[in-house]
Amino acid sequence: MDLKFRLLRHSSELHVDPAAAVFYIYCLKPCPTDALPLSRSSLVRPAAAMGNAKSGVVSKEILEDLKLNTKFSETEIVQWYENFKKQCPSGRISQEEFQAIYSKFFQESDAKSYAQHVFRSFDTNDDGTLDFKEYIIALHMTSTGKTNRKLEWAFSLFDVDKNGYITKNEVKEICGAIFKMIPKEEINSLPQDENTAEKRADKLWKIFDKPNDGRVAEGEFIQGVLDDETALRLIQYQPMK
Ligand SMILES: [Ca+2]
Ligand SMILES: [Ca+2]
């Protein structure tokens, strides 16, 4: 079984977003639950003891920050950092690289615009690249299940202009991007009322915009998805196979 399908299998078991699976591919981490091959003591060295500044040890500050703000252990973060530096010696992932990884994952469809939006949602400091910290936070947010954390991320994905509200046009934009990722034969088996990007957006918007004020705040979005299984399904794309 190739890496892609192994990851798809794991992603559906663990309700991991394809975005997280893409990140696992990036760091060549076979699956989220794999035991780490190296012992903790061999991985964690104090930054000051480093003989070579380029030896790829994560800084204590970033490590502490990520331990505090994600579910990952020190050992996991350190191993991801080592892999990250191997894959990405510059320490930054560009939008083009990110799109290329997505395209590998979705070979039968066009994931380009979705990848662009995902990249934008992870690039929290808007500098056009993803650094290690943004990368680990992204992995953390997308690899949890139906939790507020993942829904906060989903909200930021839909809030294209980052103004704190989602409008119907933004829902249309993201539904359009999601739709391009769905292979043709899967589209044929979708329910009548969600088999185009417009219908999907309409259906989703009806669930969210209850007071009809034309915009949805983060809290309304998260509550809407928690209250409605259909909304949870429609905001994301889980490949069928
Ligand atoms: Ca950035
Ligand atoms: Ca917005």
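Let me begin with burial: of the 241 residues in the protein chain, 32% count as buried, where buried means that 20 or more other C-beta atoms lie within 10 Å of the residue's own, exposed means 12 or fewer, and partly exposed lies in between, with C-beta atoms placed from the backbone. Please keep in mind that this is a predicted model, in which local features need pLDDT of at least 70 and side-chain atom pairs count only at pLDDT 80 or more, while totals for chains, interfaces and linings use all residues. Residues are numbered from 1 along each chain as its sequence is written, and chains are lettered from A and ligands numbered from 1 in the order in which they are written.

The chain has 14 helices and 4 strands, taken as DSSP runs (helices H or I, at least four residues; strands E, at least two) and numbered from the N terminus.

V171, leaving aside neighbours within four places in sequence, is in contact (C-beta atoms, placed from the backbone, within 7 Å) with F158, I166, A201, L204 and W205.

Finally, T230 sits in helix α14, residues 229-234, and counts as partly exposed because it has 14 C-beta neighbours inside 10 Å. The C-alpha atoms of T230 and L204 are 8.2 Å apart, although 26 residues separate the two along the chain.

Definitions and conventions
Two residues are in contact if their C-beta atoms, placed from the backbone, lie within 7 Å.
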